[in-house]
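Here is a brief report on one protein model.

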Amino acid sequence: MPPVSVGGPRVLLRRLREIMAERISAQPRLDKLVSVIAANMVAEVCSVYLRRGGRELELFATEGLNRTAVHKTHLNLGEGLVGLVASTAVPLNLTNAPEHPNFAYRPETGEDPFRSFLGVPIVRGERVFGVLTVQNRTARQYDEEEEEALLTIAMVLAEVVAQGALVDLSELDEGGLSPTRPAVFRGDPLAEGIAIGTAYLHEPRVKIDSLIADDPVAELARLDKALGDLRQGVDAMLESTELDLSGETREVIEAYRLFAHDQGWSHRLRDAVRAGLTAEAAVERVQDETRARFSRTDDAYLRERLHDFDDLARRLQRHLGLGGTNENGGAIPANAVVFARAMGPADLLDYSRDKIVGLVVEEATATSHISIVARAMGIPLIGGTIGITDLTRLGDDVILDSQSCEIHLRPSAEIMRVFDAKRGLLAQREARFAAIRDEPAVTKDGIRIALNINAGLLIDLPHLAESGSDGIGLFRTELQFLIGTTMPRLADQISFYKAVYDSAEGKPITFRTLDLGGDKVPNYARRVREENPALGWRAIRIALDRPALLRYQVRALITAANGRPLKIMLPMVSEVSEFQAAKLLIDREVSRAAQRGSPVPAKLEIGAMVEVPSLLFELHQILTCADFLSVGSNDLLQFIFAADRSNPTVARRYDTLSPAVLNLIRRIALAGADVAPRRTISVCGEMAGRPLEAMALVGLGITSLSMQASMIAPVKMMIRSLDTRPLRGLLEQLCTINDRSTRSRLTEFAKHEGVVIEHPF
Ligand code: PEP
Ligand code: MG
């Protein structure tokens with residue numbers, strides 16, 4: 001077979017465009033396509049295999065193999081050469097195909113006389129729709145230009161397939177899903193709530209109007225110019241004096257620059273343009289291949305790098321003038337449910353809060369910063385739903401329910417009715433919660449419980465008043481360090497804490513000093529490899545080893561307080577001496593302020609978190625030197641049970657209401673009453689915000705709880721319907737039992753005594 005003539009692919013692309021425009025039905029169109037491709041490429045065989053029902057590939061059209069095998073020959077993903085191309089998303093170019101270990105002979109196709117084989121994936125986004133092959137009798141090597149031509153044709157085919165012009169999309173996709181039918185996805189609930197709204201795509205695929213270039217020489221010049229501009233922009237970013245780049249941030253940007261200058265990438269782009277595509281289509285095609293390849297690798301580093309290439313491709317499209325038009329067509333609808341493959345917290349903050357009712361981020365996990373911000377903004381979020389974005393179209397109806405962990409795309413009218421009813425019930429419940437907002441949290445037997453919120457970002461602050469809470473029981477200052485791209489300077493910290501003070505309007509705030517390390521490492525910090533990060537160099541350990549960090553933070557807090565009372569809480573205290581050493585550093589900062597004539601806090605309280613078991617054996621000592629204690633049950637229970645809180649296999653293995661935990665809390669509460677009855681002991685881990693757990697805590701003598709703002713009302717409702725007297729007796733008993741019935745018995749108690757245990761969702 002002679003090499004493809006230089007004009008070959010372009011002539012072919014034009015011919016394909018004509019066939020696409022013909023008014024014929026799907027199958028004859030596909031038949032025509034394969035025969036035209038075969039003729040143009042001087043191949044004896046050209047076939048199209050498309051994916052069906054998830055893992056199967058079906059021969060859909062052929063020129064050169066037995067036509068009777070069409071729709072009869074099926075291969076599994078990974079089976080045969082075609083299956084291999086589909087599963088790896090990488091072209092396969094073989095001189096002698098039958099010798100390949102994956103060769104699977106199908107007699108019905110009459111394939112045996114053909115030795116050479118070139119197969120390319122038909123990809124769009126990161127999904128492989130099928131495989132396009134050419135074959136010849138003689139053992140020959142297809143050259144690079146031919147491979148390039150076939151890839152270009154496959155892209156056109158993918159576009160046609162994606163539009164549903166050839167076959168119903170539901171026949172092509174994994175599990176029979178399609179962008180037109182109702183579909184249900186399950187994911188991880190990362191921020192609670194129900195949303196019913198309209199789909200909006202965050203950074204969707206750009207819409208390319210023209211795939212085939214009229215003048216390839218001019219097109220190549222356009223691409224080169226855009227590549228030049230892109231590189232210049234990236235270089236300028238590195239040299240910018242505005243960005244204070246150092247350490248890891250600099251390394252990341254340097255790696256990014258290397259990719260922007262990557263010769264392999266620009267060669268692939270230029271080859272695609274030479275083959276006849278427009279520059280925009282070439283960027284899209286090369287990016288599709290990169291995605292398809294990278295997303296199949298187990299290498300986390302490479303998968304992470306895919307974001308760099310995605311980002312570069314988007315920038316390149318902008319340099320080509322495509323940035324403004326995307327498949328969203330601009331305006332964000334009211335009640336938008338935003339879909340993204342990946343999304344940073346800053347991206348989310350760019351949206352106006354009143355437009356977004358829900359969020360789906362394929363690659364988000366519970367500890368992703370986007371999850372923290374979504375929770376703070378009260379936007380329901382589901383993550384871990386790889387592939388959903390490709391199946392979602394702008395304007396689709398969406399129901400997102402993080403209680404059932406489900407996302408319904410294009411739900412039927414029946415499903416809509418069910419969720420409307422559920423939402424109605426939730427609204428009634430919310431109204432009941434709102435009604436007690438300004439009522440005190442006092443039990444029926446007259447015990448006042450302080451209900452505080454956990455916060456960490458400015459967007460949390462409005463919740464302080466809205467929830468009817470008493471104050472902020474845990475302000476996670478490290479969140480501010482985690483969302484930024486550079487370390488906050490002293491002045492930034494001062495203005496941030498000042499804003500917190502101002503919006504609290506006199507309500508008490510407990511600032512926890514930086515709880516960094518473990519899984520909370522800022523992007524700009526050097527990541528130290530640790531075998532067990534949760535047991536590693538974290539929180540107060542960093543503060544004592546790098547005292548300047550703590551002192552600067554305390555200096556910022558004292559300045560922001562500007563004479564108002566200041567409460568500082570130290571995280572991860574393992575022994576009393578650590579607390580004392582940190583207290584000394586704090587006291588020094590107060591003296592420094594006093595010496596300089598700056599205002600010092602009207603009242604300074606320094607407390608410790610109880611979240612490392614060793615401190616339980618120094619309870620009396622810590623109670624005499626700390627002004628208050630707060631039980632961080634998230635960490636404390638992970639260490640008590642030796643069960644990693646971020647490992648889903650074990651995180652929920654042990655009940656937070658087990659006898660061990662009840663005994664533990666009882667001991668802490670009793671020690672408090674015994675040694676320092678006026679010192680507050682609160683609980684600020686997740687259990688404090690769950691009504692049944694909160695009931696047990698109150699019954700064991702805890703009078704201060706700090707929780708996610710949305711749980712204040714349900715917990716208050718529980719407290720106002722509780723008489724602790726009969727509960728105390730039950731808890732005494734439950735502390736001594738040796739089975740797993742505590743939860744059911746407490747539930748039974750609540751039911752019997754009319755204690756309201758309700759969740760907002
Ligand atoms: C805890 O450990 O319970 C706690 C409140 O702190 P964090 O969840 O931030 O570790
Ligand atoms: Mg903790």
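Glu611 sits in the loop between strand 19 (604-610) and helix 19 (619-625), and Asp635 in helix 20 (residues 633-640), so the pair ties together parts that are 24 residues apart in sequence. Helices (H or I, at least four residues) and strands (E, at least two) are DSSP runs, numbered from the N terminus. Both Glu611 and Asp635 are buried. Buried means under 20% relative accessible area, exposed over 50%, and partly exposed in between (1.4 Å probe, protein chains only).

**Basis.** This is a predicted model: local features need pLDDT of at least 70, side-chain atom pairs count only at pLDDT 80 or more, and totals for chains, interfaces and linings use all residues. Residues are numbered from 1 along each chain as its sequence is written, chains are lettered from A and ligands numbered from 1 in the order in which they are written, and side-chain values use heavy atoms, with hydrogens and water left out.

**Helix pairs.** Axes are lines fitted to C-alpha atoms, for helices over the stretch in contact; angles run from 0 to 180 degrees between N-to-C directions.

| Pair | Angle | Axis separation |
|---|---|---|
| Helix 7 (residues 263-274) and helix 8 (residues 279-294) | about 130° | 8 Å |
| Helix 15 (residues 490-504) and helix 17 (residues 547-561) | about 45° | 8 Å |

Helix 15 is therefore oblique to helix 17. Angles under 35 degrees count as roughly parallel, over 145 as roughly antiparallel, 65 to 115 as roughly perpendicular and the rest as oblique. On the helix 15 side, the contact (heavy atoms within 4.5 Å) includes Leu490, Ile494 and Tyr501. Helix 17 contributes residues including Tyr552, Arg555 and Ala560. The contact divides into 9 nonpolar, 3 polar and 2 charged residues. Here Ala, Val, Leu, Ile, Met, Phe, Trp, Tyr, Cys and Pro count as nonpolar, Asp, Glu, Lys and Arg as charged, and the others, Gly among them, as polar.

**Loop residue.** Ala104 is in the loop between strand 4 (92-94) and strand 5 (116-124). Its relative accessibility is 22%, so Ala104 counts as partly exposed. Ala104 and Gly80 are 24 residues apart in sequence, yet 4.6 Å apart in space, C-alpha to C-alpha. Ala104 touches Gly80 and Glu111, not counting residues up to four places away in sequence.
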